[in-house]
Amino acid sequence: MGQQSDARHELGNQIGIALANIEGMIDGLVSPTASRLEAVADALREARRLLQASEPIP
Amino acid sequence: MREKKRIVVVEDEPDIAEIVREYLERDGFSVEVAGTVTGALDALQRGTPDALLLDITLPDGSGLDVLRAAALPEARVPTIMLTARADEADRIIGLELGADDYVTKPFSPREVLARVRSLLRRTGETAAATAGKPTRKTRIAELEIDHDFHELSIAGKTASLTATEFKILALLAENPGEVFTRSHLLDRLGDDGAIYERTLDRHINNLRKKIEKDPRNPEYVLTVYGTGYKMRRS
């Protein structure tokens, strides 16, 4: 796996974490505690970092 | 009381795995989570689950190794792959290792739950049918399709189909001569087209390889050019 596809994979992971947590909260399966919300924010911050670090799309 | 259906979830991201677990458990399933190939193989060793959710990229190897173990004929496990790439999923389904469906990552846990329900509806009709109903069989030339037990025999010999292949065959065979468009077929398979559209032709090709003497000149599952597919009349 190249660096680019590693970053893509990791970006997907972070989005998956954010989405799973938020859907879980909406559906009442995950409590919206401060630490859970922080985990979502962390995932989105990491996703943003990965986007900023990646090559611009041609 | 009926025992809970057991599902093995193989996913290396613990947050995601746990949330998927919550969804499945709320739906009445018993769930076992594994984050590695080794853990997944252990879970399969403990007993054949009713379904397997399988991440392809795992820290200690490839989910394909798990799929090979899960696809053994004596322990055929209905499997949904979790993968970042649809083309990869298509390729794996093409390898006929027994994967029935896939969800692309990043996925929504709601979507995963919906796909699990759909898969078990397809495979679980077998169990529901054992409750003393008369057997339903369709015969077309050398094919004999047992709808209750999801079994197919060709000229008396049992053939092994995946859940999706069986469903396609059963649907066509129950309506011989009727032309099914792709979207009609997808609709009747009870799935939202987005997932299956890309793999339907692949499933048809795999089905033909199993039931046709010459898959290039099919005698049973016929292509109606520009329209779709149909089963020969008798």
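This is a predicted model: local features need pLDDT of at least 70, side-chain atom pairs count only at pLDDT 80 or more; totals for chains, interfaces and linings use all residues.
Local features need pLDDT of at least 70, side-chain atom pairs count only at pLDDT 80 or more, and totals for chains, interfaces and linings use all residues. Residues are numbered from 1 along each chain as its sequence is written, chains are lettered from A and ligands numbered from 1 in the order in which they are written, and side-chain values use heavy atoms, with hydrogens and water left out.

Let's start with chain A. It has two helices and zero strands (DSSP runs numbered from the N terminus: helices are H or I with at least four residues, strands are E with at least two). Of its 58 residues, 31% are buried, meaning under 20% relative accessible area with a 1.4 Å probe, protein chains only. The accessible surface of chain A is about 3,800 Å², and 58% of that belongs to carbon and sulfur atoms (Shrake-Rupley method, 1.4 Å probe).

Now for the cores. A nonpolar core is a set of buried Ala, Val, Leu, Ile, Met, Phe, Trp, Tyr and Cys residues joined through side-chain atoms within 4.5 Å. The largest one has 28 residues, and Val116(B) and Phe29(B) are among those with the most contacts inside it. Val116(B) touches Ile7(B), Leu24(B), Phe29(B), Leu53(B) and Ile80(B), leaving aside residues up to four places away in sequence; contact here means heavy atoms within 4.5 Å. A second, separate core of 26 residues includes Leu169(B) and Val221(B).

Next comes an open, antiparallel sheet of three strands in chain B, in the order S12-S14-S13; strands pair if DSSP finds at least two bridges between them. S12 (180-181) and S13 (221-224) each have a single partner strand, so one side of each is left without a neighbour in the sheet. S13(B) pairs with S14(B) (residues 228-231) over four bridges, and Leu222(B) stands opposite Lys230(B). Three residues lie between these two strands in their hairpin, where Gly226(B) takes a positive phi near 80°.

Helix H6(B) lies across S12, S13 and S14 of chain B, at about 65° to S14(B) (axes are lines fitted to C-alpha atoms, for helices over the stretch in contact, with angles from 0 to 180 degrees between N-to-C directions). Ala170(B) sits in this helix, residues 163-174, and is buried, at a relative accessible area of 8%. Its C-alpha atom is 9.8 Å from that of Met231(B), 61 residues apart along the chain.

Note on methods: Buried means under 20% relative accessible area, exposed over 50%, partly exposed in between (1.4 Å probe, protein chains only).
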